[in-house]
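Hi everyone, thanks for making time today. Let me put the structure up, and then I'll walk you through a few local features.

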Amino acid sequence: MSTSGITCSACLTGTVKSGTPTGKVEKMYGLDVYVARPCLGPKLEGGENGKAKGVIVMIPDIFGWEISNARLLADSYANEGGYLVILPDFMCGTAPPAWTMETMDSLLAPSPSIFTTILKKPIWAIQIISQAIPFLLKNKESIVLPRILSFYRSLRTTPVPETQGLKIASAGFCWGGNYTILLSHDRAEDTKPGNGNENGSGKGGLLDCAFVAHPSKMTFPTDWENIARPFSMAIGDVDMGIGIEHVRQIQGVLEAEGRSAEAEVVVYEGAKHGFAVRADPGDEGQAKSAEGAKEQALRWFGRWLV
């Protein structure tokens, strides 16, 4: 199964989180980044006093690095896990605006009147298309993947003092899940001895572990078979982008005996596409699944980064 672009309409739905992010916007390796730092003080379990336990680079969903959802989740990883979390602008300012979520939700909802069907919904559709098409054109894999690889390679081979000696994880969501999967593959240029990629783990490769939630745009089975790093996935059983039968096929590949990299697939009952970052906090089931995915990620990072 191969997918491209926006996998389903649910990629553009969800709820914008309230709250004020506490990290800082900086420049790193030529990109704007949001950086969430842990509250360091007394020694963190598994870490050194005054130093983060590891580095997590987040690759967000289609709404990018500026939306509060992604930044608040980065803050949670930092404060609850003790990690340095970096959220780069891999889209270079081309993410759709947050209002697209509400517009898509309105478009997909049942029409309360013939007026809505005939007049409002066509306008909403045009508004969504006006945002989605430019995004897809400006963020083709051939454009974005080299940018992402360059960032991770720089982080691995020329770490700044704050990241020196720390292991590196990637956390990808929806659109970003695909790129985290690709980063989990072993590329010859990133695994050669002596190429400088031994920072942190003492092994080659760009990552020490990976976590994804409801990823999109993968090719089955090759993208999954080539995963060579400890890998954890959170997915709902009613995900519009990946049906549950396909999820079970992916699970069979990742959890097969004899694989060199440990992997897990956690299926959340009733969870929709995007739940880990865009769940409605007023929906108890979706909010519970989002909290579960966060805890799943923190457990995984705790195993492989510390």
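Let's start with C92, which sits in the loop between β4 (84-88) and α2; helices (H or I, at least four residues) and strands (E, at least two) are DSSP runs, numbered from the N terminus. Before going on, a note on the source: this is a predicted model, where local features need pLDDT of at least 70, side-chain atom pairs count only at pLDDT 80 or more, and totals for chains, interfaces and linings use all residues. Residues are numbered from 1 along each chain as its sequence is written, and side-chain values use heavy atoms, leaving out hydrogens and water.

Back to C92: its phi is positive, about 50°, although it is not a glycine. Is C92 buried, exposed or partly exposed? C92 is partly exposed, because its relative accessible area is 42% (buried means under 20%, exposed over 50%, partly exposed in between, with a 1.4 Å probe and protein chains only).

Y29 also has a positive phi, near 50°, and is a residue other than glycine. You'll find Y29 in the loop between β1 (24-28) and β2 (31-36), and it is partly exposed at 28% relative accessible area. Why point these out? Most residues other than glycine have a negative phi, and most peptide bonds are trans.

P221 belongs to the loop between β6 (209-213) and α7 (222-225).

Finally, I118 is in helix α3 (residues 114-138), and I118 is exposed, with a relative accessible area of 53%. Thanks, everyone!
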